[in-house]
Amino acid sequence: MINVAEIITDPDFCQPYILYRKTTVFVGGRPKSSEKAIPRNGVIVAANTKDLLQVPEGDRAKGIIAVYDTEPLLVTNEAGISDEIEWREERYRLFQIWPYKDYGYYKALGERMVGD
């Protein structure tokens with residue numbers, strides 16, 4: 001199999017972003033959330049029509065980006081809350097993940113959280 005991790009980490013293609021990972025613990029029976037900022041590098045591009053056709057919701061009104069990284073990215077499930085990404089001074093919440101770890105990367109779609 002082809003491992004594309006070299007391309008995703010190549011300085012000619014990748015760019016820095018901040019990954020915000022949230023965790024929740026119960027203290028005295030009440031949930032307490034915390035957020036950790038993790039500096040990362042990856043390839044980030046505007047999502048295309050093919051990307052949007054692969055999600056159940058179809059098209060979306062807000063800005064959508066595609067994120068490619070060599071480390072796992074998370075969406076909301078029974079284990080936790082979706083990761084958020086800050087890129088170019090905008091924050092995006094991940095809503096769809098493709099774990100292509102056999103090929104050395106993970107792909108995610110993120111929706112801009114503020115504005116249009």
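This report describes the fold, the strand pairing, the nonpolar cores and the aromatic rings of one predicted protein model.

## Basis of the description

Because the model is predicted, local features need pLDDT of at least 70 and side-chain atom pairs count only at pLDDT 80 or more, while totals for chains, interfaces and linings use all residues. Residues are numbered from 1 along each chain as its sequence is written, and side-chain values use heavy atoms, with hydrogens and water left out.

## Overall fold

The protein has 2 helices and 6 strands, where helices (H or I, at least four residues) and strands (E, at least two) are DSSP runs numbered from the N terminus. Along the sequence these elements follow the pattern α-β-β-α-β-β-β-β. Of the 116 residues, 34% count as buried, a term that means under 20% relative accessible area, with exposed being over 50% and partly exposed in between (1.4 Å probe, protein chains only).

Contacts, defined by heavy atoms within 4.5 Å, can also be sorted by separation in sequence: among those between residues at least 6 apart, 54% join residues at least 24 apart.

## Strand pairing

Two strands pair if DSSP finds at least two bridges between them. Strands β4 and β5 pair in the antiparallel sense over 4 bridges, and they form a hairpin with 2 residues between them, in whose turn Arg 88 has a positive phi of about 55°. Trp 87 stands opposite Glu 90 in β5. Strand β5 is also joined to β6 by 6 bridges, and these two strands run antiparallel, with Tyr 92 opposite Arg 112 in β6.

## Nonpolar cores

In soluble globular proteins, nonpolar side chains tend to be buried together. A nonpolar core is a set of buried Ala, Val, Leu, Ile, Met, Phe, Trp, Tyr and Cys residues joined through side-chain atoms within 4.5 Å. The largest such core here has 12 residues, including Tyr 17, Ile 44, Ile 65, Trp 87 and Tyr 92. The elements that give two or more residues to this core are β1 (15-27), β3, β4 (84-87) and β5, and β5 gives the most, with 3 residues. Apart from this core lies another, of 6 residues, among them Ala 47, Ile 64, Ala 66 and Phe 95.

Leaving aside residues up to four places away in sequence, Trp 87 touches Gln 15, Pro 16, Tyr 17, Ile 44, Ile 65 and Tyr 92.

## Aromatic rings and charges

Rings of Phe, Tyr and Trp (its six-membered ring) pair if their centres lie within 6.5 Å; planes under 30 degrees apart count as stacked, over 60 as edge-to-face and the rest as tilted. By this rule the count comes to 3 aromatic pairs. The ring centres of Tyr 68 and Tyr 105 are 6.1 Å apart and the planes stand at 40°, so this pair is tilted. Because Tyr 68 lies in strand β3 (residues 64-69) and Tyr 105 in the loop between β5 (90-98) and β6 (106-112), the pair ties together parts that are 37 residues apart in sequence. Tyr 100 and Tyr 105 form a tilted pair as well, with 5.2 Å centre to centre and 50° between the planes. Ring pairs thus link Tyr 68, Tyr 100 and Tyr 105 into a cluster, in which Tyr 105 is buried, at a relative accessible area of 16%, whereas Tyr 100 is partly exposed, at 28%.

A charge sits over a ring if NZ of Lys or CZ of Arg is within 6 Å of the ring centre and within 35 degrees of the ring normal. The charged end of Arg 91 sits over the ring of Tyr 20, 3.7 Å from its centre, and that of Lys 107 sits over the ring of Trp 98, 4.9 Å from its centre.
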